[in-house]
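Open the structure in your viewer and keep the selection tool at hand. The tour goes stop by stop, with what to pick and what is there.

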Amino acid sequence: MPLKTQTSPDNPDVVVIYLSGRLDVNYSLSIEDEINKLIQQDHIKLVINLQDVEYLSSSGLRIFIATSRQLKIKNGILKLVKMPDAVKKVFMVVELLDMFEVFESNEAALASFKK
Amino acid sequence: MQRKFRFKMPSETRRLKRLSDFLIRSLGRRVPEQDLLDDIIIAADEIATNIILHAYNGSKGREIVVDLLLNPEKVVLTFQHNGKVFDPEKIPRPVLSKAITERKPGGLGLFIINQLMDEVVYKFKDRDNGRNSITVIKYLTAQGVDHASQDSDLAR
């Protein structure tokens, strides 16, 4: 699945990734691979926008776990934006919510990189 | 009033969405709290995924039978399969604090099922039909949860 990504002129080194639909066992590995390719290309400041994610399973959760791990190796950072309630629930159940910075908008997430 | 529904699916992960659709169709109007409905859908997806990947080892064309029972007090979901016996006791509880640093954190799906559902019961090789089953219960009322905790107190 090709990733929908975006960079803004104000923050050219930050890549915003838009995920959508069901993040279950069917798509998680390919998404993880695509994000990993970005990291290998030294895009190490990432924002993942979750606004259009309908569903997240434990397999989908691994996207965020694996991405965080890869970024940690490269001293990068991952921020999440617009987490739907059903997605937030899964992060909370496995006690991972505190490990991610979550923002209400892309702008807020991008601004936080400048601090 | 009690209602029963049955859904059959092949052991293919790309059919998981149909299971979610079945649950939304059957429960959507009858379980008005979105939060409870989300819990049931997430747990059901995790159970079916575990059956496909672990009990059936990813082989396609095997069958999973899902029975749904709904009454004002609770939702009961039973998944039956003919795959490998799967003993949840042998799966270690994931160390959540290490999930970010471990290469492949295992057991997250089982952990989620146990956290979201009020009761989880595994049966191996049922005497009536020879199938393995996993039954999960979600109580819809506080009274239902109270009864469940009294029952489990008595069972101790």
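**Stop 1**

Select Leu69(B): its bridge partner in E3(B) is Val76(B). Now take Leu70(B), whose bridge partner in E3(B) is Val75(B). Helices (H or I, at least four residues) and strands (E, at least two) are DSSP runs, numbered from the N terminus. This is a predicted model: local features need pLDDT of at least 70, side-chain atom pairs count only at pLDDT 80 or more, and totals for chains, interfaces and linings use all residues. Residues are numbered from 1 along each chain as its sequence is written, while chains are lettered from A and ligands numbered from 1 in the order in which they are written.

**Stop 1: the whole sheet**

Eight bridges join E5 to E3(B), and the two run antiparallel. Pick Gln80(B) to find Ser133(B) of E5(B) opposite.

Two strands pair if DSSP finds at least two bridges between them.

Contact means C-beta atoms, placed from the backbone, within 7 Å.

**Stop 2: where the chains meet**

Show both chains. The contact takes 20 residues from chain A and 21 residues from chain B. On the chain A side, helix H2 (58–73) and helix H3 (85–93) each supply at least two residues. H2(A) gives the most, with six residues.

**Stop 3: helix H3 of chain A**

Which residues of H3(A) are buried? Select Val87(A), Val90(A) and Val93(A). A residue is buried if 20 or more other C-beta atoms lie within 10 Å of its own, exposed if 12 or fewer, and partly exposed in between. The buried residues of H3(A) pack against E3 (45–56) and H2 of chain A, together with H2 (34–55) and H3 (108–116) of chain B. Turn to the face away from the buried side: Asp85(A) and Met92(A) are exposed there. Just after H3(A), Glu95(A) takes a positive phi of about 60 degrees.

**Stop 4: the core**

Select Ala43(B). Beyond neighbours within four places in sequence, Ala43(B) is in contact with Ile112(B), Ile113(B), Leu116(B), Met117(B) and Val136(B). Ala43(B) is among the residues touching the most other members of the largest nonpolar core, which has 63 residues. Such a core is a set of buried Ala, Val, Leu, Ile, Met, Phe, Trp, Tyr and Cys residues joined through C-beta atoms within 7 Å. H2(B) gives this core its largest share, 10 residues.

**Last stop: a loop in chain A**

Select Glu104(A), in the loop between strand E5 (101–103) and helix H4 (106–113) of chain A. Glu104(A) counts as exposed because it has 10 C-beta neighbours inside 10 Å.

Terms used
Two residues are in contact if their C-beta atoms, placed from the backbone, lie within 7 Å.
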